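Reader: I would like to learn how to read the packing features of a protein model. Please take them one at a time.

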Amino acid sequence: MNNQTDVSIRFKNYVDGEKKLERYAQTLAQIKSVTDGLDTGVAKSLAQSAKDTKNISKDVSTMAKLSKTAFNYSTIREFTRSINRLITAYGKAIDASTAYLENINLYQVAFEGNYKSADKFIDTMTEMYGLDESWLTRTVGIFKQLSNAMGVSAETGERLSTLLTQMSLDIASLYNVDMERASSVLQSAMAGQTKPIRGLTGGDITQATLQTTLDNLGIQRSIAELSFAEKRLIIIVSLTQQLNESIGDMGRTIESPANQIRVMNSQWDRMTRAVGNVLLPTIASILPYVNAILMVIKDRGLITGITK
């Protein structure tokens with residue numbers, strides 16, 4: 001295939017991909033208009049649970065009342081059962097909401113407050129592909145931490161973190177694997193592990209291949225002479241060259257069944273987190289009282305009587 005034909009095919013793929021993304025973005029906008037009202041709907045459906053929870057928290061609003069309640073076996077038993085039922089019923093939603101907060105914390109620590117450009121990347125990926133912000137935030141944050149460990153500059157680390165996140169999406173799309181697995185394989189590759197990336201994509205990051213990459217770049221040094229950070233950078237360069245066919249695959253095949261399932265799963269995760277966002281403030285407000293009651297139960301040796 002000559003260069004002109006190759007360029008034409010690449011351009012056609014790019015244009016087709018852009019058209020699909022534009023059409024897909026319109027669909028996502030319609031979905032968003034529906035899901036924007038989710039919090040209100042969930043809040044109404046959980047109104048009774050919230051009311052019951054508030055009544056319980058009022059009963060134990062002071063330490064004096066707490067002490068009295070702690071010795072009332074039937075009250076404590078019903079209280080703990082109610083909390084247990086609430087957490088069991090909405091546990092996944094609460095976990096999703098708290099996990100997102102933890103992912104944001106990881107992200108902010110990794111970027112040390114300088115994440116304006118990374119924020120834009122996450123917003124773009126969310127709007128273009130309908131992906132879950134929580135997964136994107138965590139993945140970008142992890143790759144940024146790995147970049148920080150390499151000792152590269154903040155700007156270089158930011159570019160690497162977004163590049164590797166995009167590569168994770170494209171690898172997941174091309175090789176039809178879970179996005180988390182694709183991300184994990186790239187993390188292993190950055191650590192110098194050869195088997196995971198070879199097993200999934202066929203990519204080779206052995207010394208011999210990396211030396212060839214180094215020679216092709218015109219760098220007159222051996223792999224053994226490279227620093228830790230330099231070797232990791234060569235690994236990334238080598239993988240981007242070897243996996244060139246995967247670049248942009250998510251965009252080109254966004255309407256494929258496999259990718260639509262990925263988007264559906266991401267949308268479900270977002271909806272679950274929205275439910276958790278409604279519940280979390282109420283749960284957070286009563287947890288101190290729950291913990292206080294449990295400590296009183298433990299200190300007074302009442303566990304046997306309550307669990308009967």
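This is a predicted model: local features need pLDDT of at least 70, side-chain atom pairs count only at pLDDT 80 or more; totals for chains, interfaces and linings use all residues.

Reader: How many helices and strands does the protein have?

Author: Helices (H or I, at least four residues) and strands (E, at least two) are DSSP runs numbered from the N terminus. Here there are 15 helices and zero strands.

Reader: What percentage of the residues is buried?

Author: Buried means under 20% relative accessible area, exposed over 50%, and partly exposed in between (1.4 Å probe, protein chains only). Of the 308 residues in this protein, 38% are buried.

Reader: Which residues of the largest nonpolar core touch the most other members?

Author: In soluble globular proteins, nonpolar side chains tend to be buried together. A nonpolar core is a set of buried Ala, Val, Leu, Ile, Met, Phe, Trp, Tyr and Cys residues joined through side-chain atoms within 4.5 Å. The largest one has 44 residues, and L131, V140, L164, L186, I197, I205 and L239 touch the most other members. Elements giving two or more residues to this core include α5 (73-111), α8 (154-175) and α12 (228-242). A second, separate core of six residues includes I94, V275, L280 and I283.

Reader: Is D249 buried or exposed, and what does D249 contact?

Author: D249, in helix α13 (residues 249-252), counts as buried because its relative accessibility is 8%. Contact means heavy atoms within 4.5 Å. Leaving aside neighbours within four places in sequence, D249 is in contact with D170, S173, L174 and N259.

Reader: Which rings form the aromatic pair?

Author: Rings of Phe, Tyr and Trp (its six-membered ring) pair if their centres lie within 6.5 Å; planes under 30 degrees apart count as stacked, over 60 as edge-to-face and the rest as tilted. The structure holds one such pair: Y107 and F111, tilted, at 5.0 Å centre to centre and 50° between the planes. Because they are four residues apart in helix α5, Y107 and F111 are separated by about one helical turn.

Reader: Where does the charged end of K144 sit?

Author: A charge sits over a ring if NZ of Lys or CZ of Arg is within 6 Å of the ring centre and within 35 degrees of the ring normal. K144 has its charged end over the ring of F111, 5.2 Å from the centre, and R273 lies over the face of Y100 at 4.4 Å from the ring centre.

Terms used. Residues are numbered from 1 along each chain as its sequence is written. Side-chain values use heavy atoms; hydrogens and water are left out.
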